[in-house]
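Look at the sequence and the structure first, then read on.

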There are 2 protein chains.
Amino acid sequence: MEMERPMILVSNDDGYRAPGLLALIEAVRPYGDVLVVAPQDGQSGQSHAITVKVPVRVDKYRQEPGLEFYVCNGTPVDCVKLAQNRLLDRKPSLLVSGINHGANSSASVLYSGTVAVAAEGCMYDIPGIAFSLLNHDPHADFMPYVPVVRTIVQSVLEQGLKKGTCLNVNIPNVPLRDIRGIRVCRHARGYWVEEYDRRVDPNNKEYFWLTGEYFNEEPEAEDTDEWALSNDFVSVSPVQVDLTCYGELDRLRSWNLSLNISR
Amino acid sequence: MEMERPMILVSNDDGYRAPGLLALIEAVRPYGDVLVVAPQDGQSGQSHAITVKVPVRVDKYRQEPGLEFYVCNGTPVDCVKLAQNRLLDRKPSLLVSGINHGANSSASVLYSGTVAVAAEGCMYDIPGIAFSLLNHDPHADFMPYVPVVRTIVQSVLEQGLKKGTCLNVNIPNVPLRDIRGIRVCRHARGYWVEEYDRRVDPNNKEYFWLTGEYFNEEPEAEDTDEWALSNDFVSVSPVQVDLTCYGELDRLRSWNLSLNISR
């Protein structure tokens with residue numbers, strides 16, 4: 001009897017032609033059969049969005065031994081849902097996302113489609129890993145970082161992840177040989193200081209482009225992803241999909257909220 | 001010297017004409033000056049998505065004493081960012097979202113634009129509350145639930161919320177007099193069992209509509225939002241924007257991840 005090879009599901013938020021996606025596919029092919037379902041267009045900042053108002057479509061783009069590659073017109077999370085519901089014939093051993101063009105650390109996690117793909121794996125009990133490289137250059141070369149991806153993929157395949165959690169991995173923008181190691185860390189507290197670039201269109205109507213700069217509220221904290229990345233370490237952070245703030249339950253209960261209505 | 005009235009920012013994900021939004025505006029007007037920035041179209045399932053590939057626009061829709069009302073072509077989170085960056089002249093004391101048509105409990109929190117609005121408040125240190133009514137009927141009457149909104153708004157204005165957290169409030173679909181009280185609870189563990197409704201268009205190309213049913217993994221657990229709602233209680237859950245799973249940091253560190261590369 002032939003052993004079935006593990007199935008590995010791959011997606012991203014930069015779209016099916018992104019070089020980071022091709023590097024990620026290369027990185028995981030040795031570990032099993034690969035199914036790629038990637039968005040047709042770039043989907044940066046789409047977070048955990050799903051498409052409900054229009055139908056989604058999915059088309060086969062490439063097929064070769066050990067690899068099937070589909071393109072979907074929806075969001076990153078739509079890609080995972082479609083794969084899981086319509087395209088997979090067995091449960092994947094792993095779900096990987098990326099490699100994203102640019103950081104998904106600290107406050108950016110909330111907005112990230114790359115991280116949302118890995119988090120969506122929690123819904124189906126599939127271990128998920130999101131990968132990002134801190135490089136926005138359209139000509140960035142992702143291939144040198146394949147060994148980083150493989151190190152973490154191997155560990156997750158061996159050790160598994162806790163139910164309801166996935167991993168968020170960021171890679172600093174330095175040559176591979178200058179990476180000082182891999183650090184497990186929490187997401188730094190920080191936020192985006194945003195501005196809207198105001199312009200006026202030819203019909204004299206104003207419109208706005210979102211721009212912004214990240215502000216780190218705790219640059220000295222050595223246990224954060226931001227610290228790791230600015231010190232040339234790969235950051236690995238566990239992400240949970242249960243958003244309950246357990247530490248606040250008791251304080252809220254002490255408010256003794258009650259409805260004062262005449263019945 | 002005249003005391004400045006508190007500023008209250010209001011948004012939603014069902015769009016500016018949604019009856020739940022109008023009920024929410026009514027509910028909060030007694031507490032201060034109200035700025036509404038709501039999406040032009042329904043934005044259900046948009047989660048924390050932001051618009052980065054196209055510019056956003058915002059137009060004034062209504063103005064009267066104590067109320068300014070704008071419509072924006074972006075996502076719910078875009079509405080908050082635009083309000084904060086371009087429309088507000090002072091920091092709001094409160095950010096409220098909803099009242100959403102349908103539940104935002106358990107696994108739905110991750111996909112919810114309504115909850116994302118409140119969570120976005122954490123980025124600017126504005127206490128945020130998301131409200132949802134478990135009623136999908138397009139003719140649902142939200143006005144009877146104004147006292148529920150006011151009870152929670154008053155408490156938050158008095159007590160404040162911890163930095164980095166907001167509240168997620170769901171209201172059961174029963175007449176106000178039958179609501180048994182307000183329960184502070186965690187989000188239940190659960191997921192969506194999804195199916196894609198497959199159709200074929202007039203050009204003989206297939207397309208899919210996302211459909212699904214919620215599955216509660218722990219229906220007996222009395223400390224969850226799902227239990228509260230199915231027992232006719234209002235559920236109030238604290239939500240955090242730091243997605244780090246702190247409980248997993250030590251286990252991941254024990255993996256001793258290291259890069260084996262020739263340097």
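The sections below cover the chains, the sheet, the core and selected residues.

## Model and conventions

This is a predicted model: local features need pLDDT of at least 70, side-chain atom pairs count only at pLDDT 80 or more, and totals for chains, interfaces and linings use all residues. Residues are numbered from 1 along each chain as its sequence is written, while chains are lettered from A and ligands numbered from 1 in the order in which they are written.

## Two copies and their contact

The same surface serves both copies, since 100% of the contact residues of chain B recur in chain A.

Chain B gives 69 residues to the contact, and chain A gives 69 residues. Two residues are in contact if their C-beta atoms, placed from the backbone, lie within 7 Å. On the side of chain B that touches chain A, α4(B) supplies the largest share, six residues. Elements that each supply at least two residues to that side include α2 (76-87), β9 (190-200) and β10 (206-216) of chain B. Helices (H or I, at least four residues) and strands (E, at least two) are DSSP runs, numbered from the N terminus. By type, the residues of that side are 38 nonpolar, 18 polar and 13 charged. Here Ala, Val, Leu, Ile, Met, Phe, Trp, Tyr, Cys and Pro count as nonpolar, Asp, Glu, Lys and Arg as charged, and the others, Gly among them, as polar.

## The sheet of chain B

Nine strands form an open sheet in chain B, in the order β3-β4-β2-β1-β5-β6-β7-β11-β8, with mixed pairing. Two strands pair if DSSP finds at least two bridges between them. The edge strands β3 (58-64) and β8 (181-184) of chain B each pair on one side only. Strands β2 (residues 33-39) and β4 (residues 67-72) of chain B are parallel and share six bridges. One bridge partner in β4(B) is B:C72, which faces B:P39.

Helix α1 (residues 19-28) of chain B lies across β1 (7-11), β2, β5 (94-101) and β6 (128-133) of chain B. It runs at about 145 degrees to β5(B). Axes are lines fitted to C-alpha atoms, for helices over the stretch in contact, and angles run from 0 to 180 degrees between N-to-C directions.

## The nonpolar core

The largest nonpolar core holds 154 residues, and A:I129 and B:I129 have the most contacts inside it. Such a core is a set of buried Ala, Val, Leu, Ile, Met, Phe, Trp, Tyr and Cys residues joined through C-beta atoms within 7 Å. Beyond four places in sequence, B:I129 touches residues including B:V96, B:I152 and B:L167.

## Chain A in detail

A:S132 is in strand β6 (residues 128-133) of chain A. A:S132 counts as buried because it has 27 C-beta neighbours inside 10 Å. A residue is buried at 20 or more other C-beta atoms within 10 Å of its own, exposed at 12 or fewer, and partly exposed in between, with C-beta atoms placed from the backbone.

Strands β9 (residues 190-200) and β10 (residues 206-216) of chain A run antiparallel, joined by 11 bridges. In their hairpin, with five residues between the strands, A:N204 takes a positive phi near 65 degrees.
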